[in-house]
Amino acid sequence: MLNGAASSTIGIANLPNQTHKIVSRKGATFTLMVVGESGTGKTTYINTLLTTTIKAYRDPAKRREMLARKTVSIDVIRVEFEEKGFRTQLNVVDTPGFGDYVNNRDAWQPIIDFIDGQHESYLRQEMQPERSDILDGRVHACLYFIYPSGGTLRALDIETMKRLGSRVNLIPVVAKADTLTPKDLAQFKRRVRDAIAHYEINVYTPPVESDTEGVAERNVALIDAMPYAVIGSEDDVQTPDGRVVRGRQYLWGVSEVENDEHCDFRKLRNLLIRSHMLDLVTTTEERHYEHFRSTHLDANGRIVSTVTRKDAKFKEEEDNLRRRFAEQVKAKEAMFRQWEQKLIAERDKLNKDLEHEHSYITTLTQEIKALEERLAGKK
Ligand code: GDP
């Protein structure tokens with residue numbers, strides 16, 4: 001567990017007063033999950049977002065070890081911020097290992113299990129008589145990092161995003177936006193949006209209406225920007241016009257993290273930790289958690305655990321596997337029996353041949369002996 005530097009400003013204290021109070025009453029915990037292939041820049045993005053390095057880079061040896069284990073793991077980092085006397089706990093959930101393997105079938109399962117597990121844990125605590133100290137690990141927003149291929153969504157992206165979108169506030173992100181030209185980036189974003197609509201992937205859409213002047217327009221702009229293109233960097237670099245900015249330096253110039261012309265980093269940061277943090281918390285509560293609750297309580301109000309369901313599913317799979325294994329063993333046994341019979345027949349034939357050869361040799365030996373005796377007699 002890490003307690004982030006109190007000096008880091010992520011803007012929690014800038015939340016409107018009302019938001020302040022409600023977030024505070026809810027325990028001032030915000031949980032952000034990042035999902036995406038290794039190397040898409042999740043760690044860099046989180047560090048850039050928090051403007052301070054809170055997360056150690058996964059060292060290559062550990063990454064190799066993970067590859068050998070072929071697992072997706074879940075890392076939770078807790079950072080406590082204090083701004084103007086207001087404390088907020090930010091949980092960042094990383095999912096290293098996702099999408100790293102040749103066969104990524106069910107790669108999303110540990111991530112889905114984690115999200116469902118947090119809902120279940122909250123539900124169990126809520127059903128206890130003593131509920132003052134509920135630990136809330138529910139994921140309020142899930143950033144899905146899409147590799148900037150320039151093509152469109154891959155099958156793994158579609159399958160995973162579909163499952164995430166039905167459980168959590170899913171926010172698609174185009175990683176490493178600086179690797180595409182502005183034209184290619186705009187086209188890629190359009191293709192991703194089309195794929196999201198075509199495959200009916202449920203993504204988080206900020207509410208548009210607002211009484212405050214200019215906010216509705218800003219919200220429309222936020223919706224239009226999805227999927228959010230981001231550039232991550234932990235270095236301050238100098239632009240050709242002499243400004244020092246957070247960005248990535250190239251021979252041709254600088255890709256600026258906080259420049260709206262270059263990427264949507266600022267828009268996404270505002271959405272997450274300023275304008276829509278409260279909405280992300282309430283939609284998690286009212287939509288996703290409620291859906292979980294209504295589908296995981298039986299007629300008697302008892303929790304139908306995902307673990308129990310998994311057991312039933314696993315049992316069915318196990319029975320199928322056992323049946324398939326028994327059939328294969330039977331088939332192999334029959335084959336071995338045939339081979340055995342063939343070998344016995346072969347052995348019998350060889351034995352007969354051997355006997356035949358043996359008697360032939362005996363005959364020849366006798367003939368030689370007889371000839372030798374005859375020869376000896378003549379002498
Ligand atoms: P993770 O495995 O998803 O956590 O990825 P990392 O954050 O470790 O980044 C992998 C590599 O991509 C590192 O070399 C980063 O410096 C680089 N990287 C991260 N963000 C960006 C970006 O926005 N643009 C470019 N060009 N490279 C990036």
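Me: Why are β8 and strand β9 (residues 253–256) said to pair in the antiparallel sense?
Reply: In this predicted model, four bridges in the antiparallel sense link β8 and β9, and since two strands pair if DSSP finds at least two bridges between them, the two are called paired. Strands here are DSSP runs of E with at least two residues, and helices are runs of H or I with at least four, numbered from the N terminus. Within this pair G247 stands opposite E256 in β9, and a hairpin of two residues joins β8 to β9.

Me: What makes strand β7 (residues 236–238) a partner of strand β8 (residues 244–250)?
Reply: Three antiparallel bridges join β7 and β8, with Q238 opposite V244 in β8; their hairpin has five residues between the strands, and G242 in the turn has a positive phi of about 90 degrees.

Me: How do you know that V230 is in contact with C263?
Reply: Contact requires C-beta atoms, placed from the backbone, within 7 Å, and, leaving aside neighbours within four places in sequence, the contacts of V230 include C263, along with Y45, V173 and F265.

Me: Which residues come nearest to the ligand?
Reply: Of the 15 residues around the ligand, those are G41, K42, T43, T44 and G232, where a residue counts as near if its C-beta atom, placed from the backbone, lies within 6 Å. Helix α2 (residues 42–49) gives the most to this shell, with three residues.

Me: How are residues numbered, and which pLDDT limits apply?
Reply: Numbering runs from 1 along each chain as its sequence is written. Local features need pLDDT of at least 70 and side-chain atom pairs count only at pLDDT 80 or more, while totals for chains, interfaces and linings use all residues.

Technical notes: Two residues are in contact if their C-beta atoms, placed from the backbone, lie within 7 Å.
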